[in-house]
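Dear colleague,

Please find below the structure that I am handing over to you. My findings follow it, and I would be grateful if you read them with the structure open.

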Amino acid sequence: MSVLDSPIPRFHLAVPVDDLDLARHFYGEVLGLEQGRSSDTWIDWNLHGHQFVTHLAPGRSEGIHNPVDGHDVPVPHFGLLLTVTGFHELADRLRAAGTTFVIEPYLRFEGLPGEQWTMFLRDPAGNALEFKAFADDDQVFAV
């Protein structure tokens, strides 16, 4: 079954960026996303089957932070739930690209409900991204 045939609905998300060339490099080269349609003011990306769009919007403000597990988590943020292997491969790819992490990759809630690998970073426009992985999918919504 392909992502397009998945019973889980795909999402569409558009985020502001202040430089499309930097967005093209970060999302296309650093994260390795496939680029779709584009114009002078936006670029469509294939984010693992989800439609993600970067829109040129200079002059926007930064978000808020909330405390989670001893870290200041940037809000708003978005990202993907990956396999544990995929999470570590992406972390290695980001380190190799010289990425500065907001929160370095680590195991959050170790031994507790919702145990997960997580990392936070910002794209060149300041949008916060979180990538995470659960060894056990039953823990995604565990309480």
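Helix α1 covers residues 20–30, and its buried residues are Leu20, Ala23, Phe26, Tyr27, Gly28 and Val30. Please note that this is a predicted model. The N-terminal end of α1 is capped by Asp19, which places a side-chain oxygen 2.9 Å from the backbone nitrogen of Asp21. Just after the helix, Gly32 adopts a positive phi of about 75 degrees.

Within α1, Leu20 deserves a separate mention. Its relative accessible area is 10%; because buried means under 20%, Leu20 counts as buried. Setting aside residues up to four places away in sequence, Leu20 touches Ser39, Asp40, Thr41, Trp42 and Ile43, and also Thr54 and Leu56. The C-alpha atom of Leu20 is separated by 9.6 Å from that of Ala57, a residue 37 positions apart from it along the chain.

A second residue that I examined is Gln116, which lies in strand β9 (residues 116–122). Is Gln116 buried or exposed? With a relative accessibility of 6%, Gln116 falls under the 20% cut-off and therefore counts as buried. A polar atom of the Gln116 side chain lies 2.9 Å from the backbone oxygen of Gly114. Apart from neighbours within four places in sequence, the residues in contact with Gln116 are Tyr106, Leu107, Arg108 and Phe109, together with Glu130, Lys132, Ala133 and Phe134.

Turning to the protein as a whole, its secondary structure consists of 2 helices and 10 strands. Read from the N terminus, the order of these elements is β-α-β-β-β-β-β-β-α-β-β-β. The radius of gyration is 16 Å, close to the 15 Å that the globule rule gives for 143 residues, so the protein is as compact as a globular protein of that length. Its C-alpha atoms fill a box of roughly 50 × 35 × 30 Å along the principal axes.

Of the 143 residues, 36% count as buried. Where contacts join residues at least 6 apart in sequence, 53% of them link residues at least 24 apart. The accessible surface amounts to about 8,400 Å², and carbon and sulfur atoms account for 54% of that area. As for charge, the protein carries 9 positive and 21 negative side chains, with the centres of the two sets 4 Å apart.

With kind regards

Technical notes:
Residues numbered from 1 in each chain as written. Predicted model: local features only at pLDDT ≥ 70, side-chain atom pairs only at ≥ 80, totals over all residues. Heavy atoms only, no water. Helix = DSSP H or I, 4+ residues; strand = E, 2+ residues; numbered from the N terminus. Rg over C-alpha atoms; globule rule 2.2 N^0.38 Å. Buried < 20%, exposed > 50% of the residue type's maximum accessible area, 1.4 Å probe, protein only. Contact = heavy atoms within 4.5 Å. Areas by Shrake-Rupley, 256 points an atom, 1.4 Å probe, with all protein chains shown as cover. Lys, Arg positive; Asp, Glu negative; His and termini not counted. Charge placed at Lys NZ, Arg CZ, Asp CG, Glu CD. Polar contact = N/O pair within 3.5 Å; in protein donor to acceptor, adjacent residues only side chain to side chain.
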